[in-house]
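Here are my notes from going through this model, as numbered points. Keep the viewer open while you read.

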Amino acid sequence: MAKEPQTPMDDELARHEHEAEGAEQAAEKVAEERLMEGELEGLINDEETLDDSVDNPEAEMLAAQVDELEQSLADAKDQALRAAAEAQNVRRRAEQEAEKARKFALEKFVKELLPVVDSLEKALETMEEGASEVHREGVSMTLKMQLDVLNKFGVESIEPHGEPFDPQVHEAMTMVPNPDLDPNTVMDVMQKGYLLNGRLVRPAMVVVSKKAD
């Protein structure tokens, strides 16, 4: 079959097709070049990021030193606060001990004086009717002076007659049935008790009632 002669239209179409193929190839080439440039830029950025993320030994060392100094400072503050609290506690305890020693330094001395007071009281109670008024008044004044001195230094007597029995400050010598009193009531005081600044120096020796049989 004989080939048909090409017309000017066919030549024009062929030329356009050739130009289109050239343009398509050029576009593909540009796209490939841009893709390569983008990948290369991405690789460069990744490398920079990788470089930034690589640990810096000097920076790490400085950061570690800062953390260590901050921890040391916190420890020092904590130790200082503990030391201050302990010093305050020691000072408070020392003050309490000094106050206690001041209050009760005379306790032993007071115990030694109490028998003298007891003797004066007994002497005044048993003094015969025939004793002179001057003699009686002399003993009474001596007893009063003794009690005033003791009171001046924080000594007070315990005379619980008619009060409920208190084992903290009373010592029961005996128990006697008594229908007129409630059980465990102090019926009689055989020997007065004494306190020194609120602390018991000597309990009161008492007779205590109990329920009648």
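This is a predicted model: local features need pLDDT of at least 70, side-chain atom pairs count only at pLDDT 80 or more; totals for chains, interfaces and linings use all residues.

**Notes on the model**

1. The top contributor is α3, with four residues.

2. The space in the largest pocket comes to about 200 Å³. Sorted by class, its lining has six charged residues, two polar ones and two nonpolar ones.

3. Overall layout. The protein has four helices and six strands. Read from the N terminus, the order is α-α-α-α-β-β-β-β-β-β. Of the 213 residues, 15% are buried. Among contacts with a separation of 6 or more, 62% are between residues 24 or more positions apart.

4. Geometry of α4. Does the length of this helix agree or disagree with its residue count? Helix α4 covers residues 133–152, which is 20 residues, and at 1.5 Å a residue it should span 28 Å. The C-alpha atoms at its ends are 28 Å apart, so the two values agree.

5. Which residues of α4 are buried? They are V139, L143, Q146 and L150. Looking down the axis of α4, these buried residues fall within an arc of 60°, so they line one face of the helix. On the other side of α4, the exposed residues are E133, V134, K144, M145, N151 and K152. The cover over the buried residues of α4 includes α3 and β1 (155–158).

6. L124 against α4. Leaving out residues up to four places away in sequence, L124 touches R136, V139, S140 and L143. Two of these, V139 and L143, are among the buried residues of α4. L124 and L143 are 19 residues apart along the chain, and their C-alpha atoms are separated by 8.9 Å. Is L124 itself buried or partly exposed? Its relative accessibility is 24%, so L124 counts as partly exposed; the cut-off for buried is under 20%.

7. Backbone after α4. Just past the end of α4, G154 takes a positive phi of about 90°.

8. Most residues other than glycine have a negative phi. N184 has a phi near 65°, a positive value in a residue other than glycine, and lies in the loop between β2 (170–177) and β3. With 42% relative accessibility, N184 counts as partly exposed. N197 has a phi near 50°, also positive and also not a glycine. Where is N197 found? It is in the loop between β4 (193–196) and β5 (199–202). The relative accessible area of N197 is 34%, so N197 is partly exposed.

Conventions:
Residues are numbered from 1 along each chain as its sequence is written. Side-chain values use heavy atoms; hydrogens and water are left out. On a 1 Å grid over the protein atoms alone, a cavity is a set of points where a 1.4 Å probe fits but cannot get out, and a pocket is an open set with protein on both sides within 12 Å along at least five of seven lines; lining residues have an atom within 4 Å of a point. Grid points are joined across faces, edges and corners, and a volume is the space filled by probe spheres set on the points. Helices (H or I, at least four residues) and strands (E, at least two) are DSSP runs, numbered from the N terminus. Ala, Val, Leu, Ile, Met, Phe, Trp, Tyr, Cys and Pro count as nonpolar, Asp, Glu, Lys and Arg as charged, and the others, Gly among them, as polar. The expected span of a helix is 1.5 Å times one less than its number of residues. Buried means under 20% relative accessible area, exposed over 50%, partly exposed in between (1.4 Å probe, protein chains only). The arc is that of the directions from the helix axis to the C-beta atoms. Contact means heavy atoms within 4.5 Å.
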